[in-house]
Amino acid sequence: MSRTLESLSDQIIRENRAVFEAMVSHRFVEDIKADRLSKEVFDRYLVYEGDFVDTAISIFAHAMAEAATIAQKRWLIGVLDALANQQIAYFEKTFNLRRIDPSAFDTNRPEVAAFRNGMLESARSGKFLDTIAAMFAAEWMYWTWSRQAAECRISDPLLKEWVDLHAHEDFAAQARWLKTELDLAGDSLDPAERTRLSAIFGRVQQLEIDFHNAAYL
């Protein structure tokens with residue numbers, strides 16, 4: 001009897017369980033769940049994350065250009081629309097309401113730049129699946145902890161809105177789409193390529209940990 005091949009996404013999550021759990025239980029996440037995230041930390045995070053979301057538009061644009069099917073292209077065009085017209089709009093509104101001047105923050109500090117530039121370079125120089133694996137790492141992680149945090153009391157309405165955005169079914173559908181794309185491709189990949197994509201996921205989780213640490217520095 002032939003052995004059923006483990007799905008690529010399941011393999012990736014299994015092989016990177018430790019670093020994934022470290023990120024979804026990060027101090028930043030736990031502070032949100034406990035309703036104790038300071039204004040200073042959240043403001044700093046907002047600037048760093050807003051800067052990355054702007055970069056994510058370029059990352060997904062690279063993926064869209066490399067996509068092999070019209071179905072993939074249509075989905076990714078929808079992702080680009082959501083980033084530009086929902087997430088970026090959230091930052092514009094929030095910066096205004098909180099009177100945050102993004103130029104007053106150093107978005108080139110090493111932990112922030114390493115994440116932003118590393119993700120963008122992976123999309124520019126890698127394959128389509130490299131970008132899918134990298135963004136799966138980021139979005140599966142956000143969906144995982146945001147689902148949990150959304151059940152907690154969050155007194156800051158703008159922080160609550162940010163968490164709810166990532167717990168919403170629209171974002172869940174995006175995370176699941178990335179997972180499905182990996183699984184559809186995974187059956188035809190050799191073990192070395194599957195391992196390489198798994199390593200991308202793990203590297204992104206560590207970059208995310210360092211990125212979230214920067215909000216406290």
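## Surroundings of E208

Leaving aside neighbours within four places in sequence, E208 touches M23, F115, A138, M141 and Y142, where contact means heavy atoms within 4.5 Å. The model is predicted, so local features need pLDDT of at least 70 and side-chain atom pairs count only at pLDDT 80 or more, while totals for chains, interfaces and linings use all residues. Residues are numbered from 1 along each chain as its sequence is written, and side-chain values use heavy atoms, with hydrogens and water left out.

E208 sits in helix α10, which spans residues 191-214; helices (H or I, at least four residues) are DSSP runs numbered from the N terminus. With a relative accessibility of 1%, E208 is buried. Buried means under 20% relative accessible area, exposed means over 50%, and partly exposed lies in between (1.4 Å probe, protein chains only). An unreviewed UniProt entry annotates E208 as "active site"; such annotations may be inferred rather than shown by experiment, their positions are given in the numbering used here, and feature names are shortened.

## Aromatic pairs

The whole structure contains 18 aromatic pairs. Rings of Phe, Tyr and Trp (its six-membered ring) pair if their centres lie within 6.5 Å; planes under 30 degrees apart count as stacked, over 60 as edge-to-face and the rest as tilted. One of the pairs is Y48 with F211: the ring centres are 6.5 Å apart and the planes are at 65 degrees, so this pair is edge-to-face. Y48 belongs to helix α4 and F211 to helix α10, so the pair ties together parts 163 residues apart in sequence. Y48 and F211 are both buried.

Another pair is formed by F52 and F115, with ring centres 4.4 Å apart and planes at 35 degrees, so it is tilted. F52 is in helix α4 and F115 in helix α6, so parts 63 residues apart in sequence are tied together. Both of these residues, F52 and F115, are buried. F115 is also among the contacts of E208.

## Salt bridges and a charge over a ring

How many salt bridges does a search of the whole structure find? The search finds 19, a salt bridge being a side-chain nitrogen of Lys or Arg within 4 Å of a carboxyl oxygen of Asp or Glu. One of them joins D43 and K39 at 2.5 Å, N to O. These two residues are four residues apart in helix α4, which means that about one helical turn separates D43 and K39. D43 is buried at 8% relative accessibility, whereas K39 is partly exposed at 46%.

D156 and R98 form another salt bridge, at 2.9 Å from N to O. D156 is in the loop between α7 (128-149) and α8 (157-167) and R98 is in helix α5, so the pair ties together parts 58 residues apart in sequence. K39, D43, R98 and D156 are linked in a network of salt bridges. Elsewhere, R147 lies over the face of W143, 3.9 Å from the ring centre; this requires NZ of Lys or CZ of Arg within 6 Å of the ring centre and within 35 degrees of the ring normal.

## Positive phi angles

Most residues other than glycine have a negative phi. D35, which is not a glycine, has a positive phi near 55 degrees. D35 is in the loop between α3 (27-33) and α4 (39-66) and is partly exposed at 25% relative accessible area.

R99 is not a glycine either, and its phi is positive at about 55 degrees. R99 is in the loop between α5 (70-98) and α6 (110-125). Its relative accessible area is 79%, so R99 is exposed.
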